[in-house]
Amino acid sequence: MSSTIDEEVAAKAPQRPTKRQRQAANIADAASGGIKMLVLKLVLLGILDAIAVSAVFVLVMGGQWLVAAVVALVAAVVNWIYFSRRKLPAKYLTPGIIFLVLFQVFVLVYTGYIAFTNYGTGHNGSQEQAVSSLMASSLQRVEDSPTYPVTVVDQLGTLGLLATDPDGDAYVGTNDRPLEPVDADMEGGKAVATDGWTSLSFADVLARTDEITELAVPFSDDPNDGALRTPDGSTAYQYVSTLEYDEAAGTMTDVTTGTVYSDIGTGAFTSESGEELLPGWQITVGFDNFVRAVTDERLAEPLVYVTLWTFAFALISVASTFFLGLFLAIVFNDLRMRGRRYYRVLMILPYAIPTFLSALIWRGMMNESFGFINQVLLGGAEVPWLTDPFMAKVSVLIVNLWLGFPYMFLVCMGALQSIPDDIQEAATVDGAKPWAVFRLIKLPLLLVTVAPLLIASFAFNFNNFNVIYMLTDGGPRDSNAPIPVGFTDILITMVYKVAFTGQSRDYGLASAYSIIIFIVVSVIAIIAFRRTKSLEELN
Amino acid sequence: MRVNKKGLLAAGAAAVVVTLGLAGCAGGGDTSDDATSSGTLTVWVDAERVDALKGAADAYTEKTGVEVDIVGKDVADIKDDFIQQVPTGKGPDITMGAHDWLGELSTNGVVAPIELGDSAGDYLPVAVDASTYEGTTYMLPYAVENIAMLRNADLVPEPATSFDDMIAKGQAAGLTQPFVVEQGAEGNPYHLYPFQTAFGSPVFGSGAEGYDPTDLQLGNTGGEQFATWLGSQGKNGTGAFNTDITSDIAKESFLTGKSAFWLTGPWNVGAAIDGGINVAIDTVPSPGPEVASPFAGVKGFFISAESDNKVAANDFLVNYIGTEDVQLELFEAGNILPALSAAAETASSDPIIAGFAAVGAEAVPMPAIPAMGSVWQYWGIAEADIINGADPVPTWQKLTSDVQAAIK
């Protein structure tokens with residue numbers, strides 16, 4: 001008995017393997033090549049460890065202890081997993097998990113965190129940075145005051161300025177000691193050295209930049225005369241500051257008007273009348289952004305129709321692309337059609353062109369007076385493709401159909417081929433007409449595999465920022481709305497406009513909105529997935 | 001199946017190497033920029049001007065020993081990257097930019113004041129005005145940019161004296177669309193502004209400290225006259241303005257000789273000359289009682305508020321970038337009028353630049369105050385509506401009230 005099998009095998013063996021079979025065999029050989037692969041594994045792990053060690057080193061030097069610890073820990077875990085003889089599931093899962101954490105979990109958590117802060121224009125950095133920026137910009141050069149050539153000098157570690165006034169007299173002073181006259185060595189009308197002080201070279205000046213930026217030598221005993229400061233180490237100007245910072249009380253005082261701005265916990269110094277000094281700083285604001293997102297009066301009216309249009313856009317896009325894709329898949333699945341392969345390639349072309357590019361090309365073609373469609377295809381008609389509220393919606397749907405059907409075509413093609421022919425034959429034998437076969441047998445079986453993809457496609461189109469932004473930018477604008485919203489804006493583009501209009505960037509509000517939209521889409525997806533479970537019972 | 005575990009292991013290990021490699025890079029980036037504290041100035045410039053600054057950078061390194069690291073960046077990213085990176089301490093010491101960023105940069109506290117000192121008088125007045133925000137100077141200007149009227153001198157040999165004269169001259173030359181200016185579905189107020197100022201309606205009134213956001217001049221009677229005029233030149237009028245004309249369409253129309261006048265900026269002159277057009281630069285012909293003043297955009301350099309090298313940065317900008325040679329180098333890289341008067345004079349030996357400079361003398365700085373953001377939002381769409389036949393005066397009044405409400 002066994003000999004017959006051997007004979008069979010022997011009889012088949014001499015057949016030359018096809019090219020593909022040989023390729024497959026080579027790949028399999030390479031993948032299983034014992035000692036070579038072990039060496040490769042060691043080399044790769046070695047490289048990884050080398051990178052990890054250098055990263056830890058650099059991070060520790062930079063004082064980033066937490067990140068360094070995380071990198072070291074991850075590297076150790078990876079080594080442990082891959083040198084272990086067991087841990088097979090972990091060996092498969094580790095790379096994926098690392099990518100997931102790096103590119104998904106971190107982004108989600110960070111967006112969540114930003115949603116609870118006031119990060120945005122005017123609240124960009126820390127309080128310390130805001131104070132130093134406010135103090136720096138509050139310096140006003142005393143009107144008509146001369147330029148003082150200066151030399152930066154040092155006395156026992158204390159920096160001072162050796163200044164020459166327009167009359168050629170030399171003065172010296174420090175942060176604590178107002179300018180006083182001294183005898184100095186002059187060079188080209190500028191005092192360059194004086195007894196008891198060491199003159200700094202330009203390189204020394206640069207090395208002590210921080211101290212020199214802080215150096216303000218009082219002009220006289222009267223603080224109202226201001227102080228000499230040198231922005232470049234060789235010339236000084238007389239400045240008065242219009243703001244005074246009281247660190248203990250946490251207040252800023254405008255010395256010209258006497259207004260007191262205090263830190264009232266909103267992330268900016270605020271006067272009693274509610275006037276804010278900007279820049280402020282970044283703080284956490286709890287649910288403020290979410291409250292603003294749902295109670296913003298300016299949004300009340302546009303929000304309703306934008307939401308309706310978002311749902312319509314997503315649903316119609318999914319339905320139209322699905323049915324066109326399905327129709328084409330059925331047509332091109334018919335064995336009687338010749339040259340199907342070439343048609344299929346043509347069908348997939350829109351999918352191969354970047355969305356940005358095709359949306360911009362469509363935008364050009366749909367220009368009312370000069371576009372290709374009106375000028376050439378319609379012989380000079382003036383169809384307001386992108387400028388009429390209704391037509392713009394139609395245009396967006398057409399373009400999205402063009403962009404989206406190849407995907408559905410591919411998916412349906414695959415799904416159709418996986419439906420066994422015998423079911424169809426059985427139905428035909430039972431006397432079912434083609435339409436009935438399609439409606440009662442093919443479509444339900446198709447939906448079993450395709451329904452989850454349709455839900456994903458809905459979620460994608462719900463947030464299809466690219467098409468709207470590139471094609472119409474939400475336009476035509478609704479000139480009656482209090483925010484710059486247009487008739488083809490979907491939720492995500494409206495959020496973009498609300499959070500990033502003009503010069504203001506409100507990252508906190510934008511994050512809050514995107515979390516709200518995320519919740520809406522997830523709820524819909526979960527419900528839809530529950531419903532599609534019932535389809536699976538068909539199998 | 002002959003594929004065994006080890007193959008997958010290798011693939012897995014490779015993936016991990018890549019992942020950690022990325023993590024390592026991300027972590028490494030945190031510290032590599034700290035090099036700026038040890039005598040290196042990092043300067044962000046737009047990619048086209050990297051070479052123009054090389055000479056100044058080398059000269060500075062030679063004299064002071066401070067390395068100048070010139071980093072070419074995409075113009076579109078510079079502003080947002082600067083605002084985001086400065087507070088983290090990772091930004092550059094100096095960045096190239098435009099004066100209308102000032103409101104945003106200052107509100108975010110990312111720019112440090114700069115002292116031009118006595119050299120302030122060496123710059124064109126419009127450049128110094130534009131570099132000043134709320135009374136403090138923040139920018140070292142290097143170029144002044146404004147739009148002007150490009151004329152096809154073969155079609156129309158004489159400059160036009162007024163808007164109507166321009167149309168008449170163009171029609172006499174047998175053109176149906178003598179004049180083009182780019183618009184769009186949402187209008188383009190920047191290119192319409194000279195006509196608006198011709199009716200005496202600036203956006204904001206200005207005082208000693210620059211534009212005053214509380215003094216909105218947009219809706220004055222001049223503004224309404226402008227709106228009426230714009231309506232008469234739109235779809236239901238002469239058709240001189242058309243919101244379907246985009247920049248590409250305007251360019252094509254001028255290059256093919258369908259239009260003799262093109263209101264545009266220096267960035268398009270190269271294309272016109274390459275297209276074989278005999279280009280002359282005129283001032284904007286006024287349709288109203290006053291001079292038609294376009295917006296001037298001033299380009300310059302900012303110092304980061306968090307720079308560890310403020311002294312060197314100030315020195316480099318004021319004493320090196322602010323010299324005629326460097327300003328001329330930058331001019332050659334971009335063909336925009338230099339901001340330093342002496343360099344501007346040298347550059348004006350070119351009749352094209354002299355033409356733009358003459359218009360620039362009438363230009364006003366584009367407001368940098370944050371309130372301007374609210375104006376842009378509503379301005380263009382209202383103008384587009386008027387061009388497309390909306391009732392001019394009520395539309396203009398609604399624009400004014402919308403802007404007024406948004407500024408509060």
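What distance separates the centres of domain 2 of chain A and domain 3 of chain A, taken over C-alpha atoms? The separation is 62 Å.

**Figure 1. Domains of chain A in the predicted model.** Chain A is assigned domain 1 (14-114), domain 2 (127-277) and domain 3 (294-538). These bounds come from an automatic or database domain assignment. The C-alpha centres of domains 2 and 3 of chain A are 62 Å apart. This is a predicted model: local features need pLDDT of at least 70, side-chain atom pairs count only at pLDDT 80 or more, and totals for chains, interfaces and linings use all residues. Residues are numbered from 1 along each chain as its sequence is written, while chains are lettered from A and ligands numbered from 1 in the order in which they are written.

**Figure 2. Confidence in the model and in chain B.** The model scores are ipTM 0.72 and pTM 0.76. Residues 1-38 of chain B have pLDDT below 50. Beyond near neighbours in sequence, that stretch has 75 contacts in the model. Two residues are in contact if their C-beta atoms, placed from the backbone, lie within 7 Å.

**Figure 3. Helix α10 of chain A and its kink.** Helices (H or I, at least four residues) and strands (E, at least two) are DSSP runs, numbered from the N terminus. Helix α10(A) covers residues 297-333, 37 residues in total. At 1.5 Å a residue it should span 54 Å, and its end C-alpha atoms are 54 Å apart, which agrees. The expected span is 1.5 Å times one less than the number of residues. A kink of about 40 degrees is centred on Leu303(A). The bend at a residue is the angle between axes fitted to the seven residues ending there and the seven starting there.

**Figure 4. The antiparallel sheet of chain A.** Five strands form an open sheet, in the order β12-β13-β14-β15-β16 of chain A. Strands pair if DSSP finds at least two bridges between them. β12 (243-246) and β16 (276-277) of chain A stand at the edges with a single partner strand each, so one side of each has no neighbour in the sheet. β13 (residues 251-254) and β14 (residues 260-263) of chain A run antiparallel, joined by three bridges. Thr253(A) has Val260(A) in β14(A) as its bridge partner. Helix α6 (residues 127-137) of chain A lies across β12, β13 and β16 of chain A, at about 150 degrees to β12(A). Axes are lines fitted to C-alpha atoms, for helices over the stretch in contact, and angles run from 0 to 180 degrees between N-to-C directions.

**Figure 5. A hairpin and two backbone details in chain A.** Strands β6 (residues 184-187) and β7 (residues 190-194) of chain A run antiparallel, with four bridges. Ala184(A) stands opposite Thr194(A) in β7(A). Two residues lie between the strands of this hairpin, and Gly188(A) in the turn has a positive phi of about 60 degrees. Elsewhere, a cis peptide bond joins Leu278(A) and Pro279(A), with omega about 5 degrees. Pro279(A) sits in the loop between β16 and α9 (288-295) of chain A. Asp473(A) is not a glycine, yet has a positive phi of about 55 degrees. Asp473(A) belongs to the loop between α17 (465-471) and α18 (491-499) of chain A.

**Figure 6. The mixed sheet of chain B.** Four strands make an open sheet with mixed pairing, in the order β9-β12-β8-β13 of chain B. The edge strands are β9 (179-181) and β13 (279-282) of chain B, each pairing on one side only. Neighbouring strands of this sheet are turned by 25 degrees against each other on average, direction ignored. Helix α14 (residues 351-360) of chain B packs on the sheet, touching β8 (148-152) and β13 of chain B. The direction of α14(B) makes about 20 degrees with that of β13(B). β9(B) pairs with β12 (residues 261-264) of chain B in the parallel sense, over three bridges. Val181(B) stands opposite Leu263(B) in β12(B).

**Figure 7. Where the domains of chain B meet.** Chain B is divided into domain 1 (17-145 + 297-365) and domain 2 (146-295 + 367-407). Their C-alpha centres lie 30 Å apart. The contact takes 24 residues from domain 1 of chain B and 21 residues from domain 2 of chain B. On the domain 1 side, α4 (102-107), β5 (132-133), β7 (139-146) and α14 of chain B each supply at least two residues. α14(B) gives the most to that side, with six residues.

Key
pLDDT = per-residue confidence, 0-100.
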